[in-house]
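This briefing is meant for someone meeting the structure for the first time. Please keep the sequence and the 3D view at hand while reading.

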Amino acid sequence: MSTGTTGADRATIPARTLRTDRWWWPPLVTFAGLSAWVLYANVRVFMQQWYWVDDYHYLTPFYSPCISEGCVPEAAHFGRILPDWPILPYAMASLPFLLLFRLTCYYYRKAYYRAFWLSPPACAVAEPHKTYTGETRFPLVLQNAHRYAFYAAIVISLINTYDAILAFHSPEGFGFGLGNVILVGNVVLLWAYTASCHSCRHIIGGRLKHFSAHPLRYRSWSVVSQLNTRHMELAWITLGTLALTDFYVMAVSAGWIDDLRFIN
Ligand code: FES
């Protein structure tokens, strides 16, 4: 069997791959998982109801910050400045940046390059595309904007944290229920995902000649580096917690279930 190379230095073997394992399974699972999540998120974002629980001040992260004239006033912690149009998500100020943050994430790039563009679908499996230009040209050159999306994600995580704190509420004043556990858990994991970002690691520990001269940055970099080894897991876990948090708020808001209350 010939194993020569083309002009692009690619192996020219007749078979698409010589791998005999189930190499197609991870991209297939990734494709199914990401597609299901995107479908759910789109349905919820454009539903424009069941995003707020008035008794307990639960606000789903998919509608935060709620800045549309369609938002109930109590949920609009930062004002209602956008017109109430069906095509305009209530959280229009955050969703594009969150999308950019995830789309340009180093892990998600690997995930969707493999699962959606098959470029390549797995190691040592030929891709259908004839040429490869990497991320040096439009539109993929925009992937390099990831560090700026990271800064936006920090702001949005702060807003989600604020929402989670405001949710310790009940008609009697202070309150605490299962919804709080879910909201706080979601925020903690969002922070873990954000802090585990490769750009974050570089911002904290990059461009230093001597760690010994920067002990605080070294310690922070060590923590972030630990988290960074779990970046893929956190990417998936936070997709799960975001959907779970949203679904729980929707279920309580719609009256399908009662919130399990521990205090008030
Ligand atoms: S690399 Fe994944 S969020 Fe930055």
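The model is predicted, and the values given here are computed from it.

**Helix α1**
- Helix α1 covers residues 25-47, and because its 23 residues should span 33 Å at 1.5 Å a residue, the 33 Å found between its end C-alpha atoms agrees with that expectation.
- The buried residues of α1 are P27, T30, L34, A41, R44 and V45, and what covers them includes α2 (95-103), α3 (106-115) and α8 (231-253).
- Following α1 comes Q48, which has a positive phi, near 55°.

**Helix α5**
- Helix α5 (residues 178-195) consists of 18 residues and reaches 26 Å from its first C-alpha to its last, which is close to the 26 Å expected at 1.5 Å a residue.
- Buried residues in α5 are G179, N180, I182, L183, N186, V187, L190, A192, Y193 and T194.

**The pair α6 and α7**
- The axes of helix α6 (residues 198-205) and helix α7 (residues 215-228) come within 9 Å and cross at roughly 165°, and since angles over 145 degrees count as roughly antiparallel, α6 is therefore roughly antiparallel to α7.
- The crossing in which α6 passes α7 is left-handed.
- On the α6 side the contact is made by H198, C200, R201, I203, I204 and G205, while α7 contributes R217, S220, W221, V224, S225 and N228.
- By type, the residues of this contact of α6 with α7 divide into five nonpolar, five polar and two charged.

How values were computed:
Residues numbered from 1 in each chain as written. Predicted model: local features only at pLDDT ≥ 70, side-chain atom pairs only at ≥ 80, totals over all residues. Heavy atoms only, no water. Axes fitted to C-alpha atoms, helices over the stretch in contact; angles between N-to-C directions. Helix = DSSP H or I, 4+ residues; strand = E, 2+ residues; numbered from the N terminus. Parallel < 35°, antiparallel > 145°, perpendicular 65-115°, else oblique. Left-handed = near helix turned anticlockwise from the far one by under 90°. Contact = heavy atoms within 4.5 Å. Nonpolar A, V, L, I, M, F, W, Y, C, P; charged D, E, K, R; others polar. Expected span 1.5 Å × (residues − 1). Buried < 20%, exposed > 50% of the residue type's maximum accessible area, 1.4 Å probe, protein only.
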